[in-house]
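Let's walk through this one together, from the way the chains meet down to a few single residues. Keep the viewer open as you read.

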Amino acid sequence: MQNAAKSLFILALLATSFPLSAVQLIVGGAHGHATIAGALQLAAAGDTVIVMGGTYREGKLLIDKPLTLIGIDRPLLDGENARDILTLSGKNITVMGFRFENSGISAMNDLAAIKCIDITGVHIEDNQIARSHFAIHLANASDIVVRNNTIEGVPRSEHNTGNGIHLWKCKNALIEENDISGHRDGIYFEFVSDSRIRCNTSRGNLRYGLHFMFSNDDRYEGNRFIENGAGVAVMYSRKVTMEQNEFLHNWGNAAYGLLLKDITDSYIGQNYFVHNTVGIFMEGSSRMQILWNSFSKNGWAMRVQASCNDNRISLNNFSGNTFDIATNGTLVLNEFDRNYWDKYDGYDRTRDGMGDVPYRPVSMYSMVVERNPFTLILLRSILISFLDKAEKAIPSITPELLIDKQPLMKPVRV
Amino acid sequence: MTAMWTLTRYIFSDIIRNKVIVLYAGFQLLAALLLFNLEENPDKALLSLLNIELIVIPLISMIFSTIHYYNSYEFIEMLLAQPLGRRQVFLSEFFACALSLVLAFILGLGIPVLLHFQDMLAFNFLLTGTLLTFACTAIAFCAAVLARDKARGIGIVLLLWFYFALVYDGIVLMILFTFSDYPLERLTLLLTALNPIDLTRVSMMLRMDVSALMGYTGALFKEFFGSFRGMLYTGGILFLWTLLPLILSLRIFRNKDL
Amino acid sequence: MIETRALTKSFKRIRALQQVDLSMNENQVVSLIGPNGSGKTTLIKCILGLVRPDGGEIHINGRAIGEDFQYRSAIGYMPQIGRYPDHMKVGQLFDLLRSLRAKQGGQTDDELIAHYRLERIFDQPMRTLSGGTRQKVSAAVAFLFDPKIYILDEPTAGLDPLSSEILKEKIRKIREHQRLVVITSHILSDLDDLTTHILYLQDGRVHYQASMEELRSFTGEQKFGKAIASIMQQSNR
């Protein structure tokens, strides 16, 4: 009932808001065109094609002129496990209100439910995409909006499952409020610039919740990455802003909340890292600002490899992590200051909110584990707590420079 | 056999009125209540309780059992002047002692834990805590029949506790570094079996999902300890840690001059 | 009733018993005497099976004792120092012993419990009892199952004179009924009028074994204490 009312409302809206020159073509229903392909053939640039509820199995659909394609009562486009379902190309194309199922699966071609090639101005909104190889695949596109789509893959193995929302060589994209699960990477960015990824939920994907490569000047914020195979990977990029995201339960061998590899001049702020094997794994990254984040219940809150330098880690909360910081070298060129560490047991006689003695976030045991992972079998034994206490009193093998000189006495309010 | 359980029942009802046992149960209960109330995260509270399980249970079980044995010396003599076998009398003392320590553990830690957790983790906690109490009691009785005087017996038991709780892990650490070039999976598994405290700790750690920190080896261990088979293994080895000292002490006790 | 042949026991370097041959029979009250370290306690413990002899044999009622502990149902033992579980009540101790020996059935001998008025303290835990009261409990335990053989280790040591007299009266009463009573004691005069035989141990050997008549005629002393003293003097020469 509600759906019918909503459809009527949309129809009324369309009737009043489109310029008179634009024509509406209706597919399905009592008087509409029989096939979508037929209507697309007839439509001229700027027209609107309205598809009524029902199931359509029409082979490969192609839109290569500016069109608006709207589904009423969520018509189903079935790819019959054989092909790309809908291909968009050209400029100013909108697709909304559909359900896509069963795109073909191919190891050779990146078959997708919605494939966009060489396009400017594409708007994909409010669609459901299920059991597809790739769900939304954009290549060489710009001015993109992908909003409020629900994407549900069938997790097979990494090499025969495609990505949820895949962007290659794109500019100026907004990926917003989508829900993606069961794909290889939830969202994949390669050579994408000046784009934003906001408020998406990427859950239970085989590899990464978000995979981000060679993409500069981008921003992702307010996303939730939950229980993905290995978390989120951001690699080989510059000037990326990562803000207010949640990295949750990325737990397993070689899993992390956030993997940073060769990232420079980026900002990581106000994110939550909860229950990840490693909260942030940093390698070859420099000039990063890591501020106001919360790390809790992670195996390692952060692993900062010796190849990182000039990073500033400040005003973060570390609590309930098995290890706070681990590193593989003794030379540390990063700055840790004014973080809150729950393991800190110093005092604040000056009453300025900061401990009077510095905190060493790398424990002796974490250095031992770094050299010989089997020693993790001794976790929480008395011996280890003695060794850590002794090391705290007389530091010998932990990196001398890795200290927080002004550890906060109370958690930072984020 | 019935004579043995009758005797066990009477000795048990004596021991549970003992101040030390009452204090022991009370201490555990207090610690559990405090931790579960102060710590907003029950997982973290359980970790702290695990430390009690690993340090306090062996220490108290061993010292209490040793002292109990020496204090019961004249009573044991009196019982052995009755038509009772030595094995019956010894096992009665052992079971009464171990069961009252277990009761204190269940009442003190077990019930608060069960109120917050009803999963395999809680079950594993109770199982290993119970078996660890049995093992430590057996080890203590063994030390007590070996050493004639009380001071020496307590000394031996304290050394054993120190060895199992601390020194042994130092040796493990050394071994792991000495042989770090070899595949260590099996060796590590074996090393945990040779110390009841370590075995308890590792079986709990791996259930608390620490295995992910260990990479692929951890997955291997988790597969092992996390499965039903792993619980059988842990339980079986801890049972052996009870059985073997008990058999040894029975052999000594059978021909001992009292 | 009790017979030993070549009974030998050493503790490390100390020879506690050396080739002890003795025989004690019914209707006897045997005083086991000797200086400290002479082997009295070791002998008793060997008979009770608490100490395993190195060599020799012990026969109780004509049977050699071995792994089978049933022979001890014929023996009532009163230890020198009785210590019981702190929180066990006096009544519970008797309950325990009765249920442990329930199979034997038959009547128990509660006379000492009655004479010492132990019922009044049945609800008291053991730890609250004085040494003397504990000795009364021990005595009552030894007599409880009406055994054929009584082994009493320093029975009157911690007892007040009245309790001591009650015990002696009890011994006097039962010795007529095919019973054997073995007593070790330092307080010689206490045993005077009970003893029918003496067994004098020194350095783990039986130095002297005789009936009181023989002892008296041998030493020429009427008083038991003096007779013993005379033997000790002879053996020291």
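A contact here means heavy atoms within 4.5 Å.

Some housekeeping before we zoom in. This is a predicted model, with local features needing pLDDT of at least 70, side-chain atom pairs counting only at pLDDT 80 or more, and totals for chains, interfaces and linings using all residues; side-chain values use heavy atoms, with hydrogens and water left out. Residues are numbered from 1 along each chain as its sequence is written, while chains are lettered from A and ligands numbered from 1 in the order in which they are written.

Let's take chain A. Its C-alpha trace spans about 85 × 40 × 40 Å along the principal axes. Chain A has 4 helices and 35 strands, where helices (H or I, at least four residues) and strands (E, at least two) are DSSP runs numbered from the N terminus. Of its 414 residues, 56% count as buried; buried means under 20% relative accessible area, exposed over 50%, and partly exposed in between, using a 1.4 Å probe and protein chains only.

Now find strand β9 of chain A, residues 112-125. Because 10 of its 14 residues are buried, β9(A) is largely enclosed by the rest of the structure. Two strands are said to pair if DSSP finds at least two bridges between them. Strand β7(A), residues 86-96, runs parallel to β9(A) and is joined to it by 10 bridges; A:Thr94 has A:His123 in β9(A) as its bridge partner. Strand β11(A), residues 134-147, is also parallel to β9(A), with 11 bridges, and here A:Ile119 stands opposite A:Ala141.

Leaving aside neighbours within four places in sequence, A:Thr68 is in contact with A:Asp47, A:Thr48, A:Val49 and A:Thr94. A:Thr68 counts as buried because its relative accessibility is 15%.

Over in chain C, 4 strands form an open antiparallel sheet in the order β2-β1-β4-β5. The edges are β2(C), residues 14-24, and β5(C), residues 63-64, each pairing on one side only. Strand β1(C), residues 2-11, pairs with β2(C) in the antiparallel sense over 7 bridges, and C:Lys9 stands opposite C:Leu17 in β2(C).

What about the helices of chain C? Helix α2(C), residues 90-100, has several buried residues, including C:Leu93, C:Phe94 and C:Leu97. The buried residues of α2(C) pack against α1 (2-15) and α4 (73-80) of chain B, together with α3 (111-115) and α4 (131-143) of chain C.

Most residues other than glycine have a negative phi. Phi of C:Asn61, however, is near 50 degrees, a positive value, and C:Asn61 lies in the loop between β4 and β5 of chain C. C:Glu154 also has a positive phi near 50 degrees, and it is found in the loop between β7 (149-153) and α5 (161-174) of chain C. Is each one buried or partly exposed? C:Asn61 counts as partly exposed because its relative accessibility is 43%, whereas C:Glu154, at 7%, counts as buried.
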